[in-house]
Amino acid sequence: MEEAALSESSASGWGCGHILLLSFLSYLLFALCSRARHSSESFVEGWRGTKFWKSFGEYFDSQIILDVNKVREDGSLTATPADRLDAEKRYVFALYPHHAMSVGHLLSFTDANGFSKKVFAGQRRHAMATPLFLIPFVRELCLRYGGVDVGRPTFEKMMKEGISMFVLPGGETEQVMAQYQREEIFIRHRKGFVRLAVKYGFSVVPIYCFGEADVYNTSSALLSFRKWLVRNLRIGLPLVYGRWGLLPYKVPFRFVVGQPIDPSSSTFASLSEEERVDAVHSAYISGLQHIFDKYKADCGAADRNLYLH
């Protein structure tokens with residue numbers, strides 16, 4: 001009797017395991033075949049900027065600084081609705097650093113930092129790593145909040161539709177190479193977003209997020225293996241720890257938005273397309289360095305330098 005009961009229990013266990021595995025594989029196949037991550041149709045406007053996400057932004061004392069304005073008489077650096085970029089124009093918002101967990105992107109993606117109200121009220125989509133769209137629940141959240149696949153075909157499709165894009169060019173490489181409290185970015189050979197901006201006439205906007213490098217401690221364990229994953233599978237696997245384990249440290253986040261770089265302006269008019277890509281890319285790097293140096297003291301990073309690769 002006991003042997004029969006054990007046998008039945010074991011069979012039941014295997015049955016549940018098989019069902020779970022089959023369910024996951026079915027979901028994975030569905031996610032791989034679905035075109036949702038290559039479209040803007042799953043976005044739900046009302047999901048951004050809810051009370052939950054506003055509380056999340058308050059946890060980090062998240063503020064946005066627009067470089068187009070001087071510091072106000074009361075010492076405030078935060079933007080007002082009158083400072084917003086023209087919602088009728090199109091932009092590629094390029095945020096650095098990506099760092100290990102890209103918390104700054106989450107704050108912008110969900111409007112926890114008030115990006116839509118304070119910077120740009122027009123349509124925008126956020127380019128996100130393909131593996132995120134293969135994870136149950138995470139995929140659904142990404143789609144509802146305006147995430148799309150980071151691949152060039154999708155990026156280009158959005159631009160053809162006249163939708164502004166938000167991207168973190170540092171990507172997986174920066175994610176695994178990130179070091180705690182070190183402002184280090186990978187930009188010198190990242191020209192894809194600039195090339196598309198030049199092709200479609202979108203202005204490129206440099207954004208630097210102070211606080212990203214302080215939100216988690218990072219580990220260099222298994223770094224060679226994790227770099228291999230990035231090179232061969234384009235998978236970033238950060239190893240981090242924070243407050244009570246995986247909770248992020250409560251540090252202030254300051255998003256500094258630089259002045260837009262318009263590739264169709266007279267500054268670049270006499271250049272060929274390839275020369276224009278190089279010139280706009282150089283202008284973007286200069287703009288990023290400018291806002292870093294100009295605001296680092298106000299943003300708690302006076303003793304830091306920006307390391308570019």
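1. Leucine 95 is part of strand 2, which covers residues 91–96. Strands here are DSSP runs of E of at least two residues, helices are runs of H or I of at least four residues, and both are numbered from the N terminus. Leucine 95 is buried, with a relative accessible area of 1%. Buried means under 20% relative accessible area, exposed over 50%, and partly exposed in between, using a 1.4 Å probe and protein chains only.

2. On the basis of this note: the model is predicted, so local features need pLDDT of at least 70 and side-chain atom pairs count only at pLDDT 80 or more, while totals for chains, interfaces and linings use all residues. Residues are numbered from 1 along each chain as its sequence is written, and side-chain values use heavy atoms, with hydrogens and water left out.

3. What does leucine 95 touch, leaving aside residues up to four places away in sequence? Its contacts include Gly104, His105, Phe166, Val167, Ile207, Tyr208, Phe255 and Tyr284. A contact means heavy atoms within 4.5 Å.

4. Serine 108 belongs to helix 3, residues 103–109. Its relative accessible area is 1%, so serine 108 is buried. The C-alpha atoms of leucine 95 and serine 108 are separated by 9.8 Å, and the two residues are 13 residues apart along the chain. Not counting residues up to four places away in sequence, serine 108 touches Asn113, Phe115, Arg124, His126, Phe166 and Phe255.

5. With which side chain does the side chain of serine 108 make a polar contact? The partner is the side chain of asparagine 113, at 3.1 Å. A polar contact is a pair of N or O atoms within 3.5 Å; within protein, one atom must be able to donate a hydrogen and the other to accept it, and residues adjacent in sequence count only if both atoms are side-chain atoms.

6. Two strands count as paired if DSSP finds at least two bridges between them.

7. Strand 1 pairs with strand 10 (residues 254–257) in the parallel sense, over 4 bridges. Leucine 66 has valine 257 in strand 10 as its bridge partner. In general, strands of a sheet pair through backbone hydrogen bonds, either parallel or antiparallel.

8. How many salt bridges does a search of the whole structure find? The search finds 11. A salt bridge is a side-chain nitrogen of Lys or Arg within 4 Å of a carboxyl oxygen of Asp or Glu. One of them joins the side chains of aspartate 67 and lysine 294, at 3.0 Å from N to O. This pair links distant parts of the chain, 227 residues apart: aspartate 67 is in the loop between strand 1 (63–66) and strand 2, and lysine 294 is in helix 10 (residues 273–295). Aspartate 67 counts as buried because its relative accessibility is 6%, whereas lysine 294, at 36%, counts as partly exposed.

9. Glutamate 183 and arginine 304 also meet in a salt bridge through their side chains (2.7 Å, N to O). Glutamate 183 lies in the loop between helix 7 (171–177) and strand 6 (184–185), and arginine 304 in the loop between helix 10 and strand 11 (307–308), so the pair ties together parts that are 121 residues apart in sequence. Both glutamate 183 and arginine 304 are buried.

10. A further salt bridge connects the side chains of glutamate 274 and arginine 195 (2.8 Å, N to O). Glutamate 274 is in helix 10 and arginine 195 in helix 8 (residues 192–200), 79 residues apart. Glutamate 274 is partly exposed at 42% relative accessibility, and arginine 195 is partly exposed at 26%.

11. For the chain as a whole, there are 10 helices and 11 strands. Buried residues make up 47% of its 309 residues.
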